Amino acid sequence: MSTQTLHVACAHCRAVNRVPAARLGEDPTCGRCGQAVLTGEPVELGDADFDAVVGTTDLPVVVDFWAPWCGPCRAMAPAFAQAAAQLKGRALLVKVNSDDHPRTAGRFAIRSIPTLVRLDHGQEVARRSGALPAAQIVAFAR
Ligand SMILES: [Zn+2]
């Protein structure tokens, strides 16, 4: 196991915590709010907090750009949640409602939804459009 320390934003209060990589699997608690840093659930982000969380998290980030009116987006939501649980401590899965947060969606030039974007320290490294099953979302995150 690595002795590296990772920066991970708290799923609840967004505070950036320093977590030894080896302890990511042990449900670290947040230094500010005392809740679990990692929930194993997708984190909803938007124009106000996207950069603060995504830019400071050392884990790979997978963003699901979606909207409530989009049937395929809603159909993929359970698979995305399942992938988030499987990837707990290894990747951060984020949902952005592109209707409510047009600035973030616009910056990534999202033309169709659902679109998945993988980020490494805030930089886009991969993207896939269209709904995916959980196994493919997990594969996409790596
Ligand atoms: Zn917290």
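**Strands, a disulfide and an asparagine**

Trainee: In S7, which residue is the bridge partner of arginine 118?
Mentor: We are looking at a predicted model, where local features need pLDDT of at least 70, side-chain atom pairs count only at pLDDT 80 or more, and totals for chains, interfaces and linings use all residues. Residues are numbered from 1 along each chain as its sequence is written, and side-chain values use heavy atoms, leaving out hydrogens and water. Strands are DSSP runs of E with at least two residues, numbered from the N terminus. Arginine 118 has a bridge partner in S7, namely alanine 126.

Trainee: Over how many bridges do S6 and strand S7 pair?
Mentor: Two strands count as paired if DSSP finds at least two bridges between them. S7 covers residues 123-129 and runs in the antiparallel sense to S6. The number of bridges joining S6 and S7 is six.

Trainee: Which residue takes a positive phi in the hairpin of S6 and S7?
Mentor: Two residues lie between the strands of this hairpin. The one with a phi near 50° is histidine 121.

Trainee: How many residues of strand S6 are buried?
Mentor: Buried means under 20% relative accessible area, while exposed is over 50% and partly exposed lies in between (1.4 Å probe, protein chains only). Strand S6, residues 115-120, is largely enclosed by the rest of the structure, because most of its six residues are buried. The count of buried residues in S6 is five.

Trainee: What is the handedness of the disulfide of cysteine 70 and cysteine 73?
Mentor: A disulfide is a pair of cysteine sulfur atoms within 2.5 Å, and a search of the whole structure finds one. Cysteine 70 and cysteine 73 are joined with S to S at 2.2 Å, and both are buried. Because the torsion about their S-S bond is about 80°, the disulfide is right-handed.

Trainee: Which backbone nitrogen does the side chain of asparagine 97 reach?
Mentor: Asparagine 97 sits in strand S5 (residues 92-97) and is buried, at 8% relative accessible area. Contact means heavy atoms within 4.5 Å, and asparagine 97 touches Trp66, Ala67 and Pro68, not counting residues up to four places away in sequence. At 2.9 Å, its side chain reaches the backbone nitrogen of aspartate 99.

Definitions and conventions: Helix = DSSP H or I, 4+ residues; strand = E, 2+ residues; numbered from the N terminus. Polar contact = N/O pair within 3.5 Å; in protein donor to acceptor, adjacent residues only side chain to side chain.
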